[in-house]
Amino acid sequence: MAFTIRQLQFFVAVAEQGTVSRAAQNLSISQSSVTEAIKELESDLGVELFERHPRGLNITHKGHQFLRHATKILADVSDARRTFSHEQERTSGRLHLGVTSLVAGYVLSDLLARYRRAFPGVEVTAIEDNGDYLEHLLVGGELDVAVMVISNLRDRMALQAEILEVSPYRLWLPLGHHLAGADIIGVNDIAAEPLIMLTVDEIEENTGKLLVALGARPHVAFRTRSVEAVRSLVATGAGVALLPDLVYRPWSLEGDRIESRDISGALPVVQVGMVWRRGSSLPQSARDFIGMAQGQRSVRQRP
C-alpha cells in the first residue's frame with residue numbers, strides 16, 4: 001500500500017515537534033492517529049524512521065533522509081493546489097529579496113526554489129546581510145521583502161512582519177552525555193558544561209539573553225559563526241550548545257550523532273518571518289512570494 005499525503009504530514013509534524021504528543025497537539029488530532037500513521041509509513045517504506053525511547057522519539061538517519069523528500073512532496077502538493085485554485089496570470093518583473101545568514105540555508109532556499117518554479121518569468125535577486133542592514137534597505141525601498149529572524153526586529157513602526165516559524169532553543173549533546181538521560185534539564189545543569197557558542201548576527205543577542213538566564217558565567221569553550229562547526233564540536237564531545245531547533249540536524253558532517261533535549265525554564269525563542277515596508281505598494285512579484293510563503297506555513301500546520 002502506497003503512503004498517503006496525510007501520513008507524510010503526520011511524519012513531518014513528529015519530526016519537527018520531536019514527540020508524538022506535541023505533533024498531535026499541533027495537528028489537533030489524537031496521539032493514536034499519529035502513532036498509527038507513522039507505523040504504517042514505516043511498514044510501507046521498510047525502514048525505521050524513528051528510534052523509540054521512554055522520553056519520546058529520535059529521528060533516525062534514514063528518517064532524516066526521508067524528511068527532505070516528504071517536505072518536498074508536501075510543498076509540491078501545495079503548489080499544485082495553488083495552481084488550480086484560481087486562474088493565475090504568469091507574473092513577470094523583478095523581486096528583490098534580503099536574507100540573514102542563519103535563515104538563508106534553512107528557510108529561504110526551499111521557498112526560493114518553489115517560487116522560481118511557479119513564476120519563472122520573474123527575475124529574482126537576493127542579498128545576504130545582517131538584520132540591521134536589511135531593515136535599512138527595506139525602509140529605503142531597496143528591497144521588496146526580507147526573510148529573517150524577526151525576534152530582534154528594531155524598526156517595528158516602519159516595517160511589517162509576519163511570522164513563518166517559531167523555533168525554541170534546545171540543548172545539543174553528544175551521544176552518551178550524562179544529561180541525555182536526565183528527566184529534567186535546568187539552566188543550572190548547563191552552567192557547569194563547556195559551551196559551544198554560535199555567534200552569527202541574528203542570534204547573538206538571544207545568546208546573550210540565554211547566558212543571563214543561566215545565572216552564572218558559563219565556560220565558553222569555543223565561539224564560531226559556523227553551524228556545521230558547532231555540530232562537529234558537540235558530536236565529538238568538545239562541549240554542549242544551546243541553539244534554536246530550526247538549525248538542528250541529528251548528524252554531523254562526519255556522521256556522528258547529536259542528541260537534542262528540552263530545557264526547563266523560560267528561554268527565548270527564535271521567530272523567523274517575512275518583513276516588508278509598512279504601507280508600501282508591493283509589486284505583484286512580492287505579493288506572490290508572500291502568498292507562497294504563507295502557503296508553506298499552512299502546509300506544516302494543516303492536519
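I began with strand β6 (residues 159-174), which pairs with β9 in the antiparallel sense over 4 bridges; two strands pair if DSSP finds at least two bridges between them. Helices (H or I, at least four residues) and strands (E, at least two) are DSSP runs, numbered from the N terminus.

The model is predicted: local features need pLDDT of at least 70, side-chain atom pairs count only at pLDDT 80 or more, and totals for chains, interfaces and linings use all residues. Residues are numbered from 1 along each chain as its sequence is written, and side-chain values use heavy atoms, with hydrogens and water left out.

I looked up the bridge partner of L171 in β9 and found L242. I then checked both faces of β9 (residues 241-244): A241 and L243 are buried on one side, L242 and P244 on the other. Buried means under 20% relative accessible area, exposed over 50%, partly exposed in between (1.4 Å probe, protein chains only). In a regular strand the side chains alternate between the two faces of the sheet.

Next I took helix α2 (residues 20-27), where V20, A23, A24 and L27 are buried. They lie on the same side of α2 because they cover an arc of only 100° around the axis, taken from the directions from the helix axis to the C-beta atoms. After α2 comes S28, with a positive phi near 60°.

Last, I noted chain totals. The protein chain has 10 helices and 11 strands, and 48% of its 303 residues are buried. Of contacts (heavy atoms within 4.5 Å) between residues at least 6 apart in sequence, 75% join residues at least 24 apart.
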